[in-house]
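Trainee: Could you take me through this structure one feature at a time, giving the general idea before the particular case?

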Amino acid sequence: MILDLLFPNRCVGCNRIIEADILVCGLCYSHINFTHYDYFNNNPVKEKCNLLFPAENAYALMQFEEESLSRKVIHELKYKSREKTGKILAEWVTERLDFKDLKPDLFASVPLHPKKLRKRGYNQLHLFTETLSQFYKIPFDHNLIKRNHNTRAQALKDKKHRIESSNIFSLSQPVSGKHILIIDDVFTTGNTVSSIAWEILNADSNKVSILVIAVDL
């Protein structure tokens, strides 16, 4: 209680004091540019994915624009040690995304390189993924995807330097006959999810879908 008085929770957008379990005030929330994409039909993320690999479905929660509130939210999640932001963002997803009777078999979050994980202290996607898993009753595996090389975050590169890299990821175990939903924070060029997708698709009879918190196309 004393900490709440000394360091009250503040809105990411306007710095107004807000309740402890929310991220933004009601006014700022209304200014977030949610995508309203249809997970099952064509949308900009799915179209971009299909240029790189065959994607079953794709969804992005928000637009990731320069100087936007969604950008501030992502930076809170990744760089401000506010891991609980992942839970709130997952709740925003559950309010908008219905898998109906076509649920994927498994959620797989994009990993951090161990060096970056030690520095940050947490993977920003873990609580997000776990919250979705609990809501949709779909299992998750944080260890299925292994990052082999430490690379600079796509969101911190300008578009000119977001180039495709190979052999960044591998699978920790064989997978076959599964529909796997790859979960990432920001979709830019699609190179990260494409590298992972092909590791999954190269195995027998697998399918891949994509869910990202924000899209920057």
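Trainee: Which residue of strand 5 is the bridge partner of Ala108?

Mentor: Strands of a sheet pair through backbone hydrogen bonds, either parallel or antiparallel. In this predicted model, Ala108 has Ile182 as its bridge partner in strand 5, and Ser109 has Ile183 as its partner in that strand. Strand 2 and strand 5 pair in the parallel sense, over four bridges.

Trainee: In what order do the strands of the open sheet lie?

Mentor: The sheet is built from four strands in the order 1-6-5-2, with parallel pairing. Strand 1 (58–63) and strand 2 stand at its edges with a single partner strand each, so one side of each has no neighbour in the sheet. On average, neighbouring strands of this sheet are turned by 20 degrees against each other, direction ignored.

Trainee: Are the side chains on the two faces of strand 2 buried or exposed?

Mentor: In a regular strand the side chains alternate between the two faces of the sheet. For strand 2 (residues 106–109), Leu106 and Ala108 lie on one side, Phe107 and Ser109 lie on the other, and all of them are buried, so that both faces are covered, as the cut-off of under 20% relative accessible area defines it.

Trainee: Which strands does helix 7 lie across, and which does helix 8 lie across?

Mentor: Helix 7 lies across strand 2, strand 5 and strand 6, and runs at about 170 degrees to strand 2. Helix 8 (residues 191–201) lies across strand 5 and strand 6, with an angle of about 170 degrees to strand 5.

Trainee: Why does Val208 count as buried?

Mentor: Val208 counts as buried because its relative accessibility is 0%, and the cut-off for that class is under 20%.

Trainee: How many salt bridges does a search of the whole structure find?

Mentor: Side chains of opposite charge can pair when their charged atoms come close. The search of the whole structure finds four salt bridges, including one between the side chains of Lys78 and Asp185, with an N to O distance of 3.4 Å. That pair links distant parts of the chain, since Lys78 is in helix 4 (residues 69–79) and Asp185 is in strand 5 (residues 179–187), 107 residues apart. Lys78 is buried at 6% relative accessibility, and Asp185 is buried at 5%.

Trainee: What do the accessibilities look like in other salt bridges?

Mentor: Glu66 and Arg71 meet through their side chains in a salt bridge of 3.5 Å, N to O; Glu66 is exposed, with a relative accessible area of 58%, whereas Arg71 is buried, with 18%. Arg96 forms a salt bridge with Glu95, their closest N and O atoms being 3.4 Å apart; here Arg96 counts as partly exposed at 29% relative accessibility, and Glu95 as exposed at 56%.

Trainee: Finally, what is the phi of Asn15, and what is that of Lys137?

Mentor: Most residues other than glycine have a negative phi, and most peptide bonds are trans. Asn15, although not a glycine, has a positive phi of about 70 degrees; Asn15 is in the loop between helix 1 (2–6) and helix 2 (26–29) and is partly exposed, with a relative accessible area of 45%. Lys137, also not a glycine, has a positive phi of about 60 degrees; Lys137 is in the loop between helix 7 (126–136) and strand 3 (145–147), and is exposed, with a relative accessible area of 70%.

Note on methods. Residues numbered from 1 in each chain as written. Predicted model: local features only at pLDDT ≥ 70, side-chain atom pairs only at ≥ 80, totals over all residues. Heavy atoms only, no water. Buried < 20%, exposed > 50% of the residue type's maximum accessible area, 1.4 Å probe, protein only. Pairing = 2+ DSSP bridges. Axes fitted to C-alpha atoms, helices over the stretch in contact; angles between N-to-C directions. Contact = heavy atoms within 4.5 Å.
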